[in-house]
Amino acid sequence: MKINKLLTTIFILSILCFTSCSEDDTDSEPRGDYENGILISGEGSKSTGTGSVSFVSNDFTVAENLIYKTVNNVELGTHLQSMAFDDDNAYLVVDDANTVTVVDRYTFEYKGEISTDLELPRFMVVSDNKGYVTNWGSTSDDTDDFVAVIDLATYTVEKRISVGNGPERIVESNGKLYVSHKGAYTTNNIISVINIEDDSVTEIEVKDNPDELAFNSTGDLVVLSEGRTIYDANWNVTGHTLASISTIDISSLAVEQEVVFAEGDHPSLMVIDDEIIYYALSGSVYEIGVTDTALSSSSIFTAEGYLYGMEVENDNIYLLNTSFTDLSTLNVYSLETSELVSTQSVALGASKIYFN
């Protein structure tokens, strides 16, 4: 009897161990070739080549260009403006093609596309199985700009929400969308706040040409406004408007802090990481604390070549030296030591960096 009980116990433990090990094996199986790495979107160039996506592994030992074309044997088109993500998919926004292409974010296999009711799409955010895409509309009409609302179950545009001229970046928080308005081919100085529940739109005024925007750790919205250069009829510079980093209380929608740049300075990139704001100005990178009321007087990095994209992750800063005639270069530096960690050749017209 004791032997039978012992054998029964061993059998049960074996089954439990097998089940547990099988679950562990399933959990650890890679979801695709492009998991655990960095994705770089390249705009491409009408004269040189199509938009494309590059992959670099997290340990920098693997790099591959043209991954969408490699997997699907087709080009994306020009220009690949940006990418957005949900748990399973990546959404590739190609503005000249008026298309959002859907792929598995880990295998990059094509899953579908949205190719109607978009007009010069720019950026996208995903919330509750809906995609929200900023669109410039006709370049000859400053009043037809909109945010397209996409049903991601059917890949169709459900409706359009009219907004001001030149909507650009878009982020979501607590049922509201926040959109920067850089002004398309002209200029603007507003942030639109869209209530997803009823599509109502409220506008917040900031400095000219707001572009990059992100939330800090307290939930405030931080906006980089580039300011604008003023020209006469012969394209001679006649003046500048001021750039700024603005912090907006999303409860009151009031600008609670504004750090202003010197006249003639036009910052172009911004990343927030671990209570630090990193921004780019004239090819160099600077940092300030999220609560600082003054800009830094000294840079932390001077970028190589044409600085067109920037991200920060795991104590490294990722800088794109972008070319529109050949492959671009991704340079990765340690924030702690300032040493170069890795250099990779990446997409033509590389502009955005994403961590997958």
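Tutor: Strand β5 (residues 89–94) and strand β6 (residues 99–104) run antiparallel and are joined by six bridges. Strands here are DSSP runs of E with at least two residues, numbered from the N terminus, and two strands pair if DSSP finds at least two bridges between them. Within this pair, V94 stands opposite T99 of β6. This is a predicted model, in which local features need pLDDT of at least 70 and side-chain atom pairs count only at pLDDT 80 or more, while totals for chains, interfaces and linings use all residues. Residues are numbered from 1 along each chain as its sequence is written, and side-chain values use heavy atoms, leaving out hydrogens and water.

The β5–β6 pair belongs to an open sheet of four strands, ordered β4-β5-β6-β7, with antiparallel pairing. β4 (80–85) and β7 (110–114) are the edge strands; each has a single partner, so one side of each is left without a neighbour in the sheet. On average, neighbouring strands are turned by 20° against each other, direction ignored. The axes behind that angle are lines fitted to C-alpha atoms, and angles run from 0 to 180 degrees between N-to-C directions.

The hairpin of β28 and β29 has five residues between the strands, and S338 takes a positive phi near 70°.

Two strand residues show how side chains are placed elsewhere. I161 lies in strand β11 (residues 156–162) and counts as buried at 5% relative accessibility. Buried means under 20% relative accessible area, exposed over 50%, and partly exposed in between, with a 1.4 Å probe and protein chains only. Not counting residues up to four places away in sequence, I161 touches D145, F146, V147, V149, I194, D199 and V201; contact means heavy atoms within 4.5 Å. F146 is 15 residues from I161 along the chain, yet their C-alpha atoms are separated by 5.3 Å.

S127, in strand β8 (residues 121–127), is also buried, with a relative accessible area of 10%. With residues up to four places away in sequence left out, S127 touches Y132 and E172.
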